[in-house]
Amino acid sequence: MAKYLLVSFKTCPWVQRAAIVLREKNVAFEFRHIDPDNRPDWFLAISPHKKVPVLRIDDTVSLFESNAIAEYLEETIAPRLHPEDPVQRAVNRAWTDYVPTFAGSVTATGYAADESAYKAAAEKIPAAFGQLERALEKQSAAGPLFNGAKYSLVDAGYAPFLQRYFFLDRVKPLGVIDKFPRLKAWAQALMKRPSTHSFPEAEFEALYRANLKRRKVWVSQFIPDVAVAAE
Ligand SMILES: N[C@@H](CCC(=O)N[C@@H](CS)C(=O)NCC(=O)O)C(=O)O
């Protein structure tokens, strides 16, 4: 098998998506976390938009954009995560295309600079959640995953952002997901899936919170300061 290097910022959801697909396909890979504020020259040379993720293959090819990386892995490594049926495959791809819009509603809420921006962003979450709730109802009555029992690239695309919704909801309750039972069950199933997690869950939530604090976003005032344990 080829040698894979996934270049990452620790809390990046788009990196997480690529890592999930690698884990779902049982691919061994080197996970290399770089500092967003001090991106090394070797990284700038292989990342056209200076963004993560980049998937470096055999020290020769560098792929970027999480969806392109996911599709590449899907084409080259079993097990197949896309549905066999072409109509279902198109439906899956269509909902994967919706990931950035959905992600935007959650990310904008977390990164809002003041209370009015936070409220305006949070007000957009129910519309995005409602879209997915209806999609899930059409896909599978039973769930728990997007296509029912079988894991897909749609699951990998949404898991990082559903996780961040839960993180934000624990910083300052939003309460939106309770109104969407299918979405909530899906999100809970994804949180239980080992492939979702690149780090131990509590450690990752602490990293997410520290990132909000570092950015001095409005919601960070609701995060208690954590005492640093003496060494
Ligand atoms: N559409 C891209 C988004 C990647 C992205 O926005 N990555 C962020 C970190 S989460 C980044 O590298 N930002 C650096 C920058 O914008 O300078 C993908 O799906 O890979």
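User: Where is the place of Pro79?
Analyst: Pro79 sits in the loop between α3 (66–76) and α4 (86–97), where helices (H or I, at least four residues) and strands (E, at least two) are DSSP runs numbered from the N terminus. This is a predicted model, in which local features need pLDDT of at least 70, side-chain atom pairs count only at pLDDT 80 or more, and totals for chains, interfaces and linings use all residues. Residues are numbered from 1 along each chain as its sequence is written.

User: What kind of peptide bond joins Ala78 and Pro79?
Analyst: A cis one, with omega about 0 degrees. Val52 and Pro53 are also joined by a cis peptide bond, again with omega about 0 degrees, and Pro53 belongs to the loop between α2 (41–46) and β3 (54–57). Most peptide bonds are trans.

User: Switching topic, which residues surround the ligand?
Analyst: Among them are Val52, Pro53 and Glu65, where near means that the C-beta atom, placed from the backbone, lies within 6 Å.

User: And Glu65, what is its phi?
Analyst: Phi of Glu65 is near 70 degrees, a positive value in a residue other than glycine, and Glu65 lies in the loop between β4 (61–64) and α3.
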